Amino acid sequence: MNVRFLETFIWVAQLRSFKAAAAKCNLTQAAISGRIAALEEEFNQPLFERKARSVQLTHAGRMLLPYAQQMVEASKSMLHLMRDALPLRRRLRLGVIESITHSWFPELVRGLERELPEAQIELTTESARRLHQLMRNGEVDIALQADPIVEENMYNREIGAMKMGWICLAESDVPQRMSLSELTSWPIITFPRDSQPYMSLLHIMEKNGVWPHHMHFVSSIGASRKLLEQNIGIATLPIACARPFIESGDYRLIQCDHPLADMPLIASWRPDHAVKLGAAIVAIAREAMQLHATGREDLVVLPEHDVRLA
């Protein structure tokens with residue numbers, strides 16, 4: 001259960017207004033509504049009665065309120081306790097893949113600033129393969145990327161996934177719906193050969209006995225977008241990275257009878273380098289993904305109790 005969603009519930013209950021709660025929490029009214037809707041879905045019953053100019057707690061909401069207040073206070077006490085127990089770190093070197101910087105990166109940075117104000121954070125954006133090298137060389141403390149690092153004394157924790165999609169330029173002649181064999185008759189813009197998204201794509205194509213006539217292996221999402229804008233072909237991209245351009249009408253999401261596999265997101269760290277911060281980064285990353293995913297289905301966030309070792 002997300003404690004910040006419970007905190008939002010408390011503010012709405014106290015202020016009797018989604019708008020006032022949004023101002024208090026420095027969030028949009030849509031984000032407040034999304035958090036409350038998520039809680040109501042989790043409890044399978046409404047928590048508020050919506051009226052013209054105010055909201056009131058339902059019977060279920062009144063029952064929940066004291067427990068929510070206790071959980072929020074307990075969470076704050078726990079965070080303060082753990083912060084006091086952590087030695088002050090001068091530097092935290094965090095590496096992330098480019099798919100994160102093009103989607104939920106702002107939420108991640110704000111979460112890091114809020115929850116780890118004492119840390120001087122150095123952020124590096126690289127491919128998953130390069131982040132593996134930096135981790136092995138001790139040049140990065142914690143990495144958020146797409147593949148577990150198989151090495152002794154390395155923690156790997158899966159925190160969620162990014163939905164992948166077949167993306168094309170909106171004005172292109174590419175049909176809106178295609179079979180896999182039809183789709184691969186167009187040039188495909190994809191990730192480098194050694195990447196997890198490409199290996200997943202390769203598995204789909206080999207399983208169905210098809211292969212693109214032309215394939216472009218691109219190491220950055222920015223470069224893939226340049227090719228898309230020149231109408232070079234169809235790109236395999238995390239939908240969250242393309243979402244602003246889909247909503248603006250620049251890109252289209254193609255429907256295919258063989259959807260792409262999700263790209264997993266793994267937090268990796270060495271216990272001797274960042275044992276006390278690893279779990280904190282996982283929690284911050286999960287919350288950043290949840291905030292970014294509100295009202296969308298582009299990200300899969302593992303429930304806190306289900307965050308597992310990869």
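# A guided tour of salt bridges, domains and buried positions

A search of the whole structure finds 13 salt bridges, a salt bridge being a side-chain nitrogen of Lys or Arg within 4 Å of a carboxyl oxygen of Asp or Glu. The model is predicted, and local features need pLDDT of at least 70, side-chain atom pairs count only at pLDDT 80 or more, while totals for chains, interfaces and linings use all residues. Residues are numbered from 1 along each chain as its sequence is written, and side-chain values use heavy atoms, with hydrogens and water left out.

## Stop 1: the domains

Begin by colouring the protein chain by domain: domain 1 covers 3–84, domain 2 covers 91–161 + 263–301, and domain 3 covers 164–256. These bounds come from an automatic or database domain assignment. The C-alpha centres of domain 1 and domain 2 are 28 Å apart. Their contact (heavy atoms within 4.5 Å) takes 6 residues from domain 1 and 6 residues from domain 2.

## Stop 2: the interface of domain 1 and domain 2

Display domain 1 and domain 2 together. About 560 Å² is buried between them, with 47% of it on carbon and sulfur atoms; buried area is the accessible area (1.4 Å probe) that two parts lose on being put together, summed over both. The rule finds 2 salt bridges across this interface.

Next select Arg4 and Glu287, whose side chains meet in a salt bridge (2.5 Å, N to O). Arg4 and Glu287 also belong to a network of salt bridges that links them with Glu7, Arg114 and Glu115.

Across the interface of domain 1 and domain 2 there are also 2 residue pairs in polar contact, both at pLDDT 80 or more. A polar contact is a pair of N or O atoms within 3.5 Å; within protein, one must be able to donate a hydrogen and the other to accept it, and residues adjacent in sequence count only if both atoms are side-chain atoms. On the side of domain 1 that touches domain 2, the elements that give two or more residues are helix H3 (29–43) and helix H4 (59–85). Helices (H or I, at least four residues) and strands (E, at least two) are DSSP runs, numbered from the N terminus. H3 gives the most to that side, with 3 residues. By class, the side of domain 1 that touches domain 2 has 2 nonpolar, 1 polar and 3 charged residues. Ala, Val, Leu, Ile, Met, Phe, Trp, Tyr, Cys and Pro count as nonpolar, Asp, Glu, Lys and Arg as charged, and the others, Gly among them, as polar.

## Stop 3: Ile36 in helix H3

Remain on helix H3 and select Ile36, which lies in it. Is Ile36 buried or exposed? Ile36 counts as buried because its relative accessibility is 0%; buried means under 20% relative accessible area, exposed over 50%, and partly exposed in between (1.4 Å probe, protein chains only). Show its neighbours: not counting residues up to four places away in sequence, Ile36 touches Thr8, Phe9, Val12, Phe18, Phe48 and Arg50. The C-alpha atoms of Ile36 and Val12 are separated by 9.0 Å, and these residues are 24 residues apart along the chain.

## Stop 4: helix H7

Select Arg129 and Asp194, which form a salt bridge with the closest N and O atoms 2.6 Å apart. Arg129 lies in helix H7 (residues 128–136) and Asp194 in the loop between strand S9 (188–190) and helix H9 (196–208), so the pair ties together parts that are 65 residues apart in sequence. Arg129 counts as exposed at 53% relative accessibility, and Asp194 counts as partly exposed at 41%.

His132 is also found in helix H7, and at 10% relative accessibility His132 counts as buried. Not counting residues up to four places away in sequence, His132 touches Gln145, Asp147, Pro148 and Ile149.

## Stop 5: two further salt bridges

Move to Arg270 and Glu151, whose side chains meet in a salt bridge (2.5 Å, N to O). This pair links distant parts of the chain, 119 residues apart: Arg270 is in the loop between strand S13 (263–269) and helix H12 (271–293), and Glu151 is in the loop between strand S5 (142–145) and strand S6 (155–162). Arg270 counts as buried at 12% relative accessibility, whereas Glu151 counts as partly exposed at 30%.

Then select Asp262 and Lys163, whose side chains form a salt bridge (3.5 Å, N to O). Asp262 is in the loop between strand S12 (251–256) and S13, and Lys163 is in the loop between S6 and strand S7 (164–169), 99 residues apart.

## Stop 6: helix H11

Finish at helix H11 (residues 239–247), where the buried residues are Ile239, Ala240, Cys241, Ala242 and Ile246. Just after H11, Gly249 takes a positive phi of about 90°.
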